[in-house]
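Please look through the structure below. The paragraphs after it take its parts one by one.

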Amino acid sequence: MISAIIYRSTTGSCEFLAREMSRKLAIPCYSTKNLKLPKGMEVIYVGWALAGKVVGLSKVMKDYDVKAVVQVGMSPVYPGAEENCSKANGLAGVKVFVKQGRFDINRLPLPFKLIMKAKCKEIAAKLEAKGNLNEAEQATLKMAKTGKGEPPCWDVEDVVDWEKANRNPLDVMKWYEPID
Ligand SMILES: Cc1cc2nc3c(=O)[nH]c(=O)nc-3n(C[C@H](O)[C@H](O)[C@H](O)COP(=O)(O)O)c2cc1C
């Protein structure tokens, strides 16, 4: 039974998505900062993409039973993104979702700001060369060119539907078990 949603966020996307999931699923959400949940608890983890890795995931996987991972990045979500995330982060047997989040270079710590200044030029050049961009790609292009931007949507319905479909109805009974 998934009992918590854990997130790590620098510019607010993972926090916003985790809060949305929490509200729709009635499962509490917590930042990785000062996390004091019982070890081994079943959780969903929401973390941002850094060069293909989900930031904070390995520590959370050591302490908790991660049933699903939501990777959030500035990139548009291309077909096969979930599989790539799964391979890059060693997530065999774990459900993976990939979502587009915001980018805001001015809210990043200096080392990340410097890395992304160079990376954004590369991303913008690639997208401009591609042309005929869809909404998500246009959003990424704006992020890369201006240093700031939002994705076209913040939908969490797929995660909500997955959690509800995989819920064991008998788990509800635990809420009514008497406390000794
Ligand atoms: C150093 C660094 C590396 C990043 N690498 C990736 C990446 O590989 N793929 C991607 O889609 N986004 C990448 N991003 C963008 C963030 O994942 C994106 O802005 C995300 O929405 C941030 O989540 P947050 O708002 O919860 O902090 C990177 C950002 C930084 C600062």
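The model shown here is predicted. In it, helix H1 (residues 13-25) and helix H6 (residues 157-165) have axes that come within 10 Å and cross at roughly 40 degrees. H1 and H6 are therefore oblique to each other. The crossing in which H1 passes H6 is right-handed. On the H1 side, the contact is made by Met21, Lys24 and Leu25, and on the H6 side by Val159, Val160 and Glu163. By class, the residues of this contact of H1 with H6 are four nonpolar and two charged, with no polar ones.

A second pair of helices can be read in the same way. The axes of H4 and helix H5 (residues 135-146) come within 8 Å, and they cross at roughly 140 degrees. That angle makes H4 oblique to H5, because the range for roughly antiparallel begins over 145. Which hand does the crossing of H4 and H5 have? H4 passes H5 in a left-handed crossing. H4 brings Cys120, Ile123, Ala124 and Leu127 to the contact, while H5 brings Glu137, Thr140, Leu141, Ala144 and Lys145. The residues of the contact of H4 with H5 comprise six nonpolar, one polar and two charged.

Domain 1 consists of residues 1-102 + 153-168, and domain 2 of residues 103-149. The centres of domain 1 and domain 2, taken over C-alpha atoms, are separated by 23 Å. Where the domains touch, eight residues of domain 1 are in contact with 10 residues of domain 2. On the side of domain 1 that touches domain 2, three residues are nonpolar, four are polar and one is charged.

How many residues surround the ligand? There are 22 of them, and the closest are Ser9, Ser13, Gly73, Ser75 and Gly101. The elements giving two or more residues to this shell are H1, strand E3 (42-50), strand E5 (65-73) and helix H4 (110-130). Sorted by class, the shell around the ligand holds 12 nonpolar, nine polar and one charged residues.

Terms used. Residues numbered from 1 in each chain as written. Predicted model: local features only at pLDDT ≥ 70, side-chain atom pairs only at ≥ 80, totals over all residues. Axes fitted to C-alpha atoms, helices over the stretch in contact; angles between N-to-C directions. Helix = DSSP H or I, 4+ residues; strand = E, 2+ residues; numbered from the N terminus. Parallel < 35°, antiparallel > 145°, perpendicular 65-115°, else oblique. Left-handed = near helix turned anticlockwise from the far one by under 90°. Contact = placed C-beta atoms within 7 Å. Nonpolar A, V, L, I, M, F, W, Y, C, P; charged D, E, K, R; others polar. Domains from an automatic or database assignment. Near = placed C-beta within 6 Å.
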